[in-house]
Amino acid sequence: MNKINGLILATLLSGCAGTLKFMDAMTNKMDGRPSQEQIDAATKARRDQYVVDNPSTKENRKAAILAGKVTIGMSPAEVIASWGHPSNASRSVVEDVVVDQWRYGSAAYGDYIYFKAGRVFAFQQ
């Protein structure tokens, strides 16, 4: 039995209250996935860094980015700062108007953001 399996077994047998959290942390370390805490920290750092690097961004947009929200009028860079990169992106042209659609999550349960002329003009969650 290797050290990690022995440690997990010892933790399980001890009935420790933090067993599930410990096991989740160990599983994430073993398979290379980041923990939820690491994901949350990286998301916060991305948002904070955008606001620091872009001081001329309107205050209401800065607040939205820091809160993880999207608002009408945001640029693609502001949306990425707030929500990260989309799962999927597509472009269509309707009556000579270019519309970009970004999807976050799955096609069935995703959130959609629509850009026209480089700005959010609609979104659905």
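A salt bridge is a side-chain nitrogen of Lys or Arg within 4 Å of a carboxyl oxygen of Asp or Glu. The structure is a predicted model, in which local features need pLDDT of at least 70 and side-chain atom pairs count only at pLDDT 80 or more, while totals for chains, interfaces and linings use all residues. Residues are numbered from 1 along each chain as its sequence is written, and side-chain values use heavy atoms, with hydrogens and water left out.

Begin by selecting Glu-59 and Lys-62, which form a salt bridge whose closest N and O atoms are 3.3 Å apart. Because the two are three residues apart in helix H4, about one helical turn separates them (helices are DSSP runs of H or I with at least four residues, strands are runs of E with at least two, and both are numbered from the N terminus).

Next, select Arg-61 and Glu-78, a salt bridge with its closest N and O atoms 3.8 Å apart. Arg-61 lies in helix H4 and Glu-78 in helix H5, so this pair ties together parts that are 17 residues apart in sequence. Arg-61 is buried at 13%, and Glu-78 is buried at 5%.

Finally, move to Asp-100 in strand E2, which forms a salt bridge with Arg-91 at 2.6 Å between the closest N and O atoms. Arg-91 is exposed, with a relative accessible area of 60%.

Definitions and conventions
Buried < 20%, exposed > 50% of the residue type's maximum accessible area, 1.4 Å probe, protein only.
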